[in-house]
Amino acid sequence: MLEKIDLKKKANWSDYDERIDKLEIRIGELQREAKELGIPVMILFEGYEASGKGTMINRMIRALDPRGFQVFPTEKVTEDEEMHPYLWRFFTKTPAKGRIHIFDKSWYQGYFSEDLTPEDIRQFEKQFTDDGNLIVKFFLAITEKEQKKRLKSLEKNKSTKWRVSDDDWDQNKRFREKEQAYDNLLIKTDTPNCPWTIVEAMDRKYAAMKILSTLAKSLEEAVAATKAKAAARESAKKVVAEKQGEISNSAVSMAVGDNDGSSADKKSAGINEDFKNGVLAGIDLSKSLDDDEYRRKKKDLQKRLAILHNKMYLKRVPVVLAFEGWDAGGKGGAIKRITQAIDPRGYEVVPTASPNDIEKAHHYLWRFWERFPKDGHMAIFDRTWYGRVMVERIEGFATEEEWKRAYAEINNMEAQLVKNGTVVLKFWMHIDKDEQAARFKSRQETPEKQWKITDEDWRNREKWDEYEKAVDEMIVRTSTEKAPWHVIEANDKRYARIKVLEIVVEALENALR
């Protein structure tokens with residue numbers, strides 16, 4: 001890509017100021033439209049050292065309302081960022097709906113310093129563009145001679161001398177090698193959903209015009225696409241409403257090509273026939289422990305866990321424990337037996353409820369990235385990101401397109417955690433329907449436990465079969481070698497708590513070896 005760039009291009013227009021003024025006005029209008037439509041925008045500036053990234057960012061933001069954007073210089077890594085997975089520092093800085101976030105250098109630096117692959121980058125960006133984000137990527141290109149000239153100029157000026165480092169000069173000495181590395185990366189990460197714009201940055205006026213023109217065009221396309229999607233959704237809603245009012249159930253069943261109605265029922269429930277006889281059906285829920293064995297094993301495992309937790313801290317091993325399961329499945333009890341054994345300064349229990357307004361304004365995984373532990377700490381999630389493929393799927397809070405792509409998004413997220421050295425363990429607390437009914441009844445009849453039972457629990461119970469199929473599919477699609485699911489036979493609480501402790505202790509022992 002870089003070899004084909006003509007770096008001799010200059011702005012020779014006599015009407016440059018008039019052109020740039022019109023672009024600024026148009027970009028301001030588009031920023032307001034994007035805000036009204038709730039379009040999150042990320043603008044990335046990459047390029048050679050001394051290519052003018054800071055100058056171009058300053059030039060670009062003149063067109064923007066300062067209340068609607070934020071600039072993130074990411075070259076210097078904070079201590080907190082250093083103690084999290086590499087992509088954490090970027091995911092947590094992604095914009096809410098209607099906001100613009102500008103990155104002076106971005107996740108692309110991880111390709112050179114953090115073993116981030118082009119595929120990692122493509123997946124990272126795709127989850128955002130699939131979710132309606134606009135990502136605009138600029139690479140500023142200059143010649144080796146021009147870079148050397150600019151670095152010397154910066155060094156001569158007392159006020160800018162600090163900006164030139166030994167690494168900058170090293171890049172100039174290895175310019176051709178760096179150019180080849182950049183070119184390889186640009187080619188592999190130039191995608192239809194997230195293309196690169198190479199900016200010929202030898203002439204600052206030409207570079208500014210190209211950046212503003214590209215930004216205006218990208219915003220126009222994003223606004224038009226968002227409006228078109230909204231119109232299509234409204235049209236679809238009207239069609240559905242009309243059909244519901246005019247067509248009988250049998251006619252609807254015939255319309256989807258299934259005379260007995262069974263396929264229509266499966267389609268509306270989001271049920272995949274491949275998972276009809278799934279994982280949960282084969283679980284033996286008769287397993288149990290007597291009280292003496294439970295006490296003996298608990299004492300031993302908690303003692304070992306306490307020692308492992310200290311070692312985990314000293315060796316800076318992060319741990320993520322994710323608990324899912326049926327309502328009244330015993331998540332809280334299992335979590336309590338873990339936390340009883342470890343230092344409260346080294347863990348956090350994260351109860352996951354319905355997303356609040358701030359969380360809804362971001363990508364659905366944002367609120368979980370925010371809570372992932374730093375090195376040496378443990379985060380225990382009581383319900384997790386898997387809500388997207390369970391409750392949001394069944395209750396219609398996520399579209400079919402959204403929950404189906406979530407499997408890959410979740411797998412990619414967990415893979416990034418594991419790449420950072422995080423121990424990731426996922427538990428499904430499994431009970432049968434009769435045991436759940438008994439526990440619900442016990443909660444209703446015990447005053448100090450009545451807060452645990454809600455009308456929503458009873459409503460979810462009515463959809464047991466739909467949830468079971470969704471859970472089966474979830475386990476099959478997202479249980480990986482490095483981030484496996486563990487189905488816990490939880491009809492007997494004592495057996496379940498011990499099994500969870502055993503799995504955690506064994507995983508930590510293996511990690512610390």
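Trainee: How many bridges join β6 to strand β9 (residues 423-430)?

Mentor: The strands β6 and β9 run parallel. Strands are DSSP runs of E with at least two residues, helices are runs of H or I with at least four, and both are numbered from the N terminus. Two strands pair if DSSP finds at least two bridges between them. For β6 and β9 the number of bridges is seven.

Trainee: Which pLDDT is required before side-chain atom pairs count?

Mentor: Residues are numbered from 1 along each chain as its sequence is written, and side-chain values use heavy atoms, with hydrogens and water left out. This is a predicted model, in which totals for chains, interfaces and linings use all residues, local features need pLDDT of at least 70, and side-chain atom pairs count only at pLDDT 80 or more.

Trainee: Which residue of β9 stands opposite V320?

Mentor: β6 is also joined to strand β8 (residues 378-382) by five bridges, and these two run parallel. On that side, the bridge partner of V320 in β8 is A379. In β9, G325 has M429 as its bridge partner, and the residue opposite V320 is V424.

Trainee: How many residues of strand β6 (residues 319-325) are buried?

Mentor: Buried means under 20% relative accessible area, exposed means over 50%, and partly exposed lies in between (1.4 Å probe, protein chains only). In a regular strand the side chains alternate between the two faces of the sheet. Here V319, L321, F323 and G325 point one way, V320, A322 and E324 point the other way, and all are buried. β6 is largely enclosed by the rest of the structure, because the number buried is seven of the seven.

Trainee: How are α13 and α22 oriented to each other?

Mentor: Helix α13 (residues 291-314) and helix α22 (residues 493-512) pack at an angle of about 30°, with their axes 9 Å apart. Angles under 35 degrees count as roughly parallel, over 145 as roughly antiparallel, 65 to 115 as roughly perpendicular and the rest as oblique. The two helices are therefore roughly parallel.

Trainee: How many nonpolar residues does the contact of α13 with α22 have?

Mentor: Contact means heavy atoms within 4.5 Å. The residues involved include L301, L305 and L308 of α13 and I498, L501 and V505 of α22. Ala, Val, Leu, Ile, Met, Phe, Trp, Tyr, Cys and Pro count as nonpolar, Asp, Glu, Lys and Arg as charged, and the others, Gly among them, as polar. By these classes the contact has nine charged residues, one polar and, as nonpolar, 11.

Trainee: What is the orientation of α14 to α22?

Mentor: G333, A334, R337 and I338 in helix α14 (residues 331-339) meet R497, V500, L501 and V504 in α22. The axes of α14 and α22 are 9 Å apart, and the packing angle is about 50°. That angle makes the orientation of α14 to α22 oblique.

Trainee: How many residues of α14 are buried?

Mentor: The cover over the buried residues of α14 includes α13, β6, β7, β8, β9 and α22. Among the buried residues are A334, I335 and I338. α14 is mostly covered, and of its nine residues the number buried is seven.

Trainee: What is the relative accessibility of W366?

Mentor: W366 lies in helix α16 (residues 366-369). Not counting residues up to four places away in sequence, W366 touches F91, T92, T94, I358 and E359. W366 counts as buried because its relative accessibility is 11%.

Definitions and conventions: Axes fitted to C-alpha atoms, helices over the stretch in contact; angles between N-to-C directions.
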